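Thanks for coming, everyone. I'll keep this short. Please look at the model on the screen.

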Amino acid sequence: MGGFYLNQPDPFFTDIEDAVTRQRGKRFQASPKDWATMETWKAQSVPIHLIQRVIAHTRDKINTLSFHVEAVEREYANWLKGQTGRSI
């Protein structure tokens, strides 16, 4: 699936997996749906720090990134509003 480029892990995907692993306290095994979510976030150029922040502030131990989709979208929309007029 999407986490590798030329046999090297893509830091975007591994950073998300690591964030979920830290939040859960055990290794996160991404499902095909989780990979699709991460690929969507990457295609939309969602900054990794926003995704990591949403995951870190989750109180429940989660098993899927689907739990975070709305929060990431909200954070990204707010971040984009703050970028108006700035060069990115």
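Which residues does isoleucine 51 touch, not counting residues up to four places away in sequence? The answer is Phe12, Ile16, Trp41, Val46 and Val72. Bear in mind that this is a predicted model.

Let me step back to the overall layout. The protein has two strands and four helices. Starting at the N terminus, the order is β-β-α-α-α-α. There are 88 residues, and 35% of them are buried. The exposed surface comes to about 5900 Å², with 52% supplied by carbon and sulfur atoms. Now take contacts between residues at least 6 apart in sequence. Of these, 68% join residues at least 24 apart.

Next, the core. In soluble globular proteins, nonpolar side chains tend to be buried together. Here the largest nonpolar core holds 20 residues. Ile51 is one of those touching the most other members, along with Ile16, Met38, Trp41, Ile55 and Leu65. Helix 1, helix 2, helix 3 and helix 4 each give two or more residues to this core. Helix 1 provides the largest share, with five residues.

On to charges. Side chains of opposite charge can pair when their charged atoms come close. This structure holds two salt bridges.

One joins lysine 42 to aspartate 10, at 2.2 Å from N to O. Lysine 42 sits in helix 2, and aspartate 10 sits in the loop between strand 2 and helix 1, so this pair ties together parts 32 residues apart in sequence. How accessible are the partners? Lysine 42 is partly exposed, at 35% relative accessible area. Aspartate 10 is buried, at 12%.

The other salt bridge is between arginine 53 and glutamate 75, at 3.0 Å from N to O. Arginine 53 is in helix 3 and glutamate 75 is in helix 4, 22 residues apart, so to speak a link between distant parts of the chain. Both partners are partly exposed: arginine 53 has a relative accessible area of 36%, and glutamate 75 has 26%.

Last, a charged residue without such a partner. Arginine 24 belongs to helix 1, which spans residues 11-24. Is arginine 24 buried or exposed? It is buried, yet it has no salt bridge. The nearest side chain of opposite charge is aspartate 34, 7.9 Å away. What does the side chain of arginine 24 have nearby instead? One of its polar atoms lies 3.3 Å from the backbone oxygen of arginine 27. Beyond its neighbours within four places in sequence, arginine 24 contacts Lys61, Ile62 and Asn63.

Conventions: Residues numbered from 1 in each chain as written. Predicted model: local features only at pLDDT ≥ 70, side-chain atom pairs only at ≥ 80, totals over all residues. Heavy atoms only, no water. Buried < 20%, exposed > 50% of the residue type's maximum accessible area, 1.4 Å probe, protein only. Lys, Arg positive; Asp, Glu negative; His and termini not counted. Salt bridge = Lys/Arg side-chain N within 4 Å of Asp/Glu carboxyl O. Polar contact = N/O pair within 3.5 Å; in protein donor to acceptor, adjacent residues only side chain to side chain. Contact = heavy atoms within 4.5 Å. Core = buried A, V, L, I, M, F, W, Y, C linked by side-chain atoms within 4.5 Å. Areas by Shrake-Rupley, 256 points an atom, 1.4 Å probe, with all protein chains shown as cover.
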